[in-house]
Amino acid sequence: MKKDIFVSGRTELAGNHTDHQNGRILAAAIDLGISARCETNGTDMIYIDSEGFEPIELKTTQLAVNTREFGKPVALVRGVISGFAGLGLKTGGFNAKIKSELPIGAGLSSSAAFSVLIGKILSELFNDGQVSPIVIARIAQESENRYFGKPCGLMGMVCALGHTVYADFKTNEIEHIEADFESMGLTLCLTDTGGSHAGLDTSYARIPADMVYIANMFDKGVLGDVDPEEFYKKGWDPSNRPVRRAMHFFAENERVPRMRDALKAGDGKEYMRLMNESGRSSEEFLNNIVTSATGDLKLSQGLSLSASLLEGKGAWRVHGGGFAGCVQALMPTEYFPHYKEEMEKVFGAGSCRKIKLV
């Protein structure tokens, strides 16, 4: 039995580093993704030929976490198989050829999309396609956390759902949003600044760790369970990094539903105002632009250039985990050609591309 399967990447619209704290997010599936042609092979071996990566060979019965595989695609495959088996779902051997349009490290959730793709392959080939997208998304997240060594939240579920989503992970509310920037006369784009992600695992992991540190002071496990009023009553020292990151969380978490409402109402002006608020909060409080681990300034440079090009006209913000990667920008469509030209003078031809929501 042969199957062709496609999984969209996702763009974070609002909720920078809120998902791992049971916060709120607004994110959208995009017109770029990962595709696979796959078939069962009647054995307990998985063979994956993924363009641009080393071939993967994996036995479906070998499911222990292997820390030497952290950061490698094989870890995601092993983790997803383990997740299916743990829920009593069927697994088996298959062959797959995989091709991705998602640039690694650009904040388009390439690792989540790959994990979801493996989940959908297992669902289609061995479970009659009956495993729900949310179950696949949660398995994919667990695979990233435990097997891949990435302490991410559940925003990658958008890859499994395949549309624009507002979600509140504290209340488990999930809302399908009809989103269309083009009808507002706006263009959404991402510029890959080309910064290196090497050595950034600790920087990423420190963000949820700092937030949990503050949550623990209120006998809570995550900030989503902390009352914002109780937090602000403490009179914190804002020079303290965990405190600033908690301040970002509470402000961003409150901003997400307002951005959702502006998007639903087609109010581009208000959406861009809030998007700029989100970007400033990430820069000033979350501090996920530059890290001493690499000293890489490309992302900071991209944000500064975007500010000079779009001040008073559009919006710009860090996209995804931060420290390296992409600048997300939104602007009236007539400004996009000039913005693209100027960004690509610095970051290279093809670095800036329009993103279409699906």
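Two cavities of 30 Å³ or more were counted in this predicted model, for which local features need pLDDT of at least 70, side-chain atom pairs count only at pLDDT 80 or more, and totals for chains, interfaces and linings use all residues. Residues are numbered from 1 along each chain as its sequence is written, and side-chain values use heavy atoms, with hydrogens and water left out. A cavity is a set of points on a 1 Å grid over the protein atoms alone where a 1.4 Å probe fits but cannot get out, and lining residues have an atom within 4 Å of a point.

The largest cavity has a volume of about 40 Å³, volume being the space filled by probe spheres set on the points. Its lining comprises A112, V116, A137, A140, Q141, E144, G153, L154, G156 and M157. Helix α3 (133–147) contributes the most, four residues (helices are DSSP runs of H or I, at least four residues, numbered from the N terminus).

The second largest cavity holds about 30 Å³ and is lined by N276, G279, R280, E283 and W316. Four of these residues, the largest share, come from α8.

Helix α8 (residues 268–286) also packs on α7 (residues 241–265), at an angle of about 165 degrees and with the axes 10 Å apart; axes are lines fitted to C-alpha atoms over the stretch in contact, and angles run from 0 to 180 degrees between N-to-C directions. The two helices, α7 and α8, are therefore roughly antiparallel (over 145 degrees). Residues of α7 in contact (heavy atoms within 4.5 Å) with α8 include R244, H248 and R255.

Technical notes. Angles under 35 degrees count as roughly parallel, over 145 as roughly antiparallel, 65 to 115 as roughly perpendicular and the rest as oblique. On a 1 Å grid over the protein atoms alone, a cavity is a set of points where a 1.4 Å probe fits but cannot get out, and a pocket is an open set with protein on both sides within 12 Å along at least five of seven lines; lining residues have an atom within 4 Å of a point.
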